[in-house]
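These are my notebook entries on a two-chain model. I record what I looked up and the criteria I applied.

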Amino acid sequence: MNTPESLIIVAVAALIHASFQLSVSVLTLLSSHTIGAKRSHARLLGLTNAFALGVTIMTVLLLSTTALLIKLKSSFIDQTALWVVACGLLFGLGVAVWIFYYRRGQGTSLWLPRGLARYLSDRTKATKQSAEAFGLGLSSVVAELLFVFVPILVSALVLIELSPAWQLAGIGLYTALSLAPLLAINAMIGSGHKISRIQRWREDNKRFLQFASGGGLLVLGFYVYVDQVLTPTVLAAANGGL
Amino acid sequence: MGKVIDVVKRDGTRPTERFDRNKLHASVLAACLSVRSPHGEAETAANSVCDVVISWCETKPEITSSDLRRTAANHLNRIHPEAAYLYKHHRLVL
């Protein structure tokens, strides 16, 4: 796989990550509670920026740690076997996203168990300090690990094949693209947009996002399967036959 | 309001509690402020919703918190649709 092709796969995986909405939901809720509690605009910006920083750092940490672990264990694990696992997870997750990423009914309720959703909601309401918002940002990424882990795994598998400089560029690209919606909404809230309009847009478009996200996972899974599993196997068989 | 009204909590999992006008006022006020309404306008909307809800529940010995929220949201929707949307949906964000 050459460098541009690797970066395109990282970019697609990051866009799929960006379509997962837990961090955006928590940010919306955090802003709504902060404005509703009559806190100053500076406090609102402090909390939302700290939250976004928490999400950024946890995303970078997860991607770097996954890549490091795979790199360290790469001599013990067959790379093709890892790609097969990643493809299986991409297909499985794509179908899972289509079936249950959003709950039925009004609002933007996610797949989260209701107990965890209530806990996150209560923590969001209780967040008053920037350090708490930062921690909330870290935990919101961890809470959605079930979904974000697969794009992270695929990106890590791609990144370990690149040179160190391109690995850094790849981590930067993944982080920037996966956080783009969060940062855009953070900027909208900071510039005075109404939370209700943002939330209404999210609700109106949630089925499209769900379709795009699940479809993206399936397409990426198919591409990666052909490129990393099928083609090398066929080439090896052809070379062996010659 | 002279009469004491009990509010049965959601799903019946938490104990019933007395109707508290201040609590309703605070939640409606927060919804209005969340959509960046001026404070005076938010206060007026919250008072109006509280008055309507109190006159609605005075005819009943017991109400559920869901009914209370629905009635408040319906009235708020007439005077402040944006705030009503957030008030109705704030539990459905996550």
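I looked up the contacts in chain B between residues at least 6 apart in sequence, and 54% of them join residues at least 24 apart. The model is predicted: local features need pLDDT of at least 70, side-chain atom pairs count only at pLDDT 80 or more, and totals for chains, interfaces and linings use all residues. Residues are numbered from 1 along each chain as its sequence is written, while chains are lettered from A and ligands numbered from 1 in the order in which they are written.

Chain B, overall. I found 4 helices and 3 strands in chain B, in the order β-β-α-α-β-α-α from the N terminus. The radius of gyration of chain B is 13 Å, close to the 12 Å of the globule rule for 94 residues, so chain B is as compact as a globular protein of that length. Helices (H or I, at least four residues) and strands (E, at least two) are DSSP runs, numbered from the N terminus. The radius is taken over C-alpha atoms, and the rule is 2.2 Å times the number of residues to the power 0.38. Along the principal axes, the C-alpha atoms of chain B fill a box of roughly 35 × 35 × 20 Å. I noted that 32% of the 94 residues in chain B are buried. A residue is buried with 20 or more other C-beta atoms within 10 Å of its own, exposed with 12 or fewer, and partly exposed in between; C-beta atoms are placed from the backbone.

Helix 1 of chain B. Which residues of this helix are buried? I listed V28(B), L29(B), A30(B), A31(B), C32(B), L33(B) and S34(B). Their cover includes helix 2 (22-36) and helix 9 (195-204) of chain A, together with helix 2 (39-57), helix 3 (65-79) and helix 4 (81-89) of chain B. After helix 1 of chain B comes R36(B), with a positive phi near 60 degrees.

Interface. I found 23 residues of chain A in contact with 14 residues of chain B. On the side of chain A that touches chain B, helix 2 of chain A gives the largest share, 6 residues.

S74(A). I placed this residue in the loop between helix 3 (41-73) and helix 4 (79-100) of chain A. S74(A) counts as partly exposed because it has 14 C-beta neighbours inside 10 Å.

Note on methods:
Two residues are in contact if their C-beta atoms, placed from the backbone, lie within 7 Å.
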